[in-house]
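Dear colleague,

Please find below the structure that I am handing over to you, followed by an account of what was found in it.

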Amino acid sequence: STGKRYMAMRSKLEINRETLPLFDTRRWVRNMEEGLHMMWNRYMQGLEPDHIDIPDVVGRSLAYEPPEEGELEQGAAEA
């Protein structure tokens with residue numbers, strides 16, 4: 001029955017919630033940040049928007065690199 005299938009699926013998700021990528025918010029956020037960083041780099045290089053492949057960040061640390069002095073103003077002026 002539909003109710004049994006629903007309960008089985010719900011149970012499976014609940015049991016695997018800690019290990020499934022679907023629920024790995026930290027990983028998703030780090031991948032999103034990496035994508036934004038890649039887009040910003042393209043923009044600062046004067047490249048046109050294009051498709052980018054964002055590598056999965058699992059297993060590697062991403063160092064935050066703050067923009068250099070004046071970099072933000074320069075990018076805004078060019079827009």
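N31 counts as buried, because its relative accessibility is 18% and the cut-off for that class is under 20%. This residue is found in helix α2. Leaving aside residues up to four places away in sequence, N31 touches I54, P55, D56 and V57. Please bear in mind throughout that the model is predicted.

The buried residues N31, E34 and G35 belong to α2. They cover an arc of only 100° around the axis, which puts them on the same side of the helix. The face of α2 turned away from that buried side carries T25 and R26, which are exposed.

The length of α2 can be checked against expectation. With 20 residues at 1.5 Å a residue, the helix should span 28 Å; the C-alpha atoms at its ends are 28 Å apart, so the two values agree. After α2 comes G46, which has a positive phi, near 75°.

E33 is also found in α2. With a relative accessible area of 47%, E33 is partly exposed. Its C-alpha atom is 9.8 Å from that of I54, although 21 residues separate E33 and I54 in sequence. I54 is also one of the residues that N31 touches.

Salt bridges

Side chains of opposite charge can pair when their charged atoms come close. How many salt bridges does the structure hold? The count comes to two.

One of them joins R27 to D56, with the closest N and O atoms 2.3 Å apart. This pair links distant parts of the chain: R27 lies in helix α2 and D56 in the loop between α2 and α3, 29 residues apart. Both partners are partly exposed, R27 with a relative accessibility of 25% and D56 with 35%.

R17 is partly exposed at 44% relative accessibility, whereas E18 is exposed at 69%.

Aromatic residues

One aromatic pair is present in the structure. Its members are W40 and Y43, with ring centres 5.3 Å apart and planes at 40°, so the pair is tilted. Tilted applies here because the angle falls between the limits of 30 degrees for stacked and 60 for edge-to-face. W40 and Y43 both belong to helix α2 and lie three residues apart, about one turn of the helix. An α-helix has 3.6 residues a turn, so residues three or four places apart point the same way. Are these two residues buried, exposed or partly exposed? W40 is partly exposed, at a relative accessible area of 31%, and Y43 is likewise partly exposed, at 29%.

The chain as a whole

The chain has three helices and zero strands, and its elements run α-α-α from the N terminus on. Of its 79 residues, 6% count as buried. Among contacts with a separation of 6 or more, 54% are between residues 24 or more positions apart.

Confidence

The average pLDDT of the chain is 80, and 73% of the residues score at least 70. Where in the chain is confidence lowest, and where is it highest? It is lowest in helix α3, residues 71-78, with a mean of 55, and highest in helix α2, residues 25-44, with 91. Where pLDDT is low, the predicted coordinates should not be read in detail.

In summary, helix α2 holds the buried residues N31, E34 and G35 and the tilted aromatic pair W40 and Y43.

With kind regards

Key. Residues are numbered from 1 along each chain as its sequence is written. Side-chain values use heavy atoms; hydrogens and water are left out. pLDDT is the predictor's confidence in each residue, from 0 to 100. Helices (H or I, at least four residues) and strands (E, at least two) are DSSP runs, numbered from the N terminus. Rings of Phe, Tyr and Trp (its six-membered ring) pair if their centres lie within 6.5 Å; planes under 30 degrees apart count as stacked, over 60 as edge-to-face and the rest as tilted. Buried means under 20% relative accessible area, exposed over 50%, partly exposed in between (1.4 Å probe, protein chains only). A salt bridge is a side-chain nitrogen of Lys or Arg within 4 Å of a carboxyl oxygen of Asp or Glu. Contact means heavy atoms within 4.5 Å. The expected span of a helix is 1.5 Å times one less than its number of residues. The arc is that of the directions from the helix axis to the C-beta atoms.
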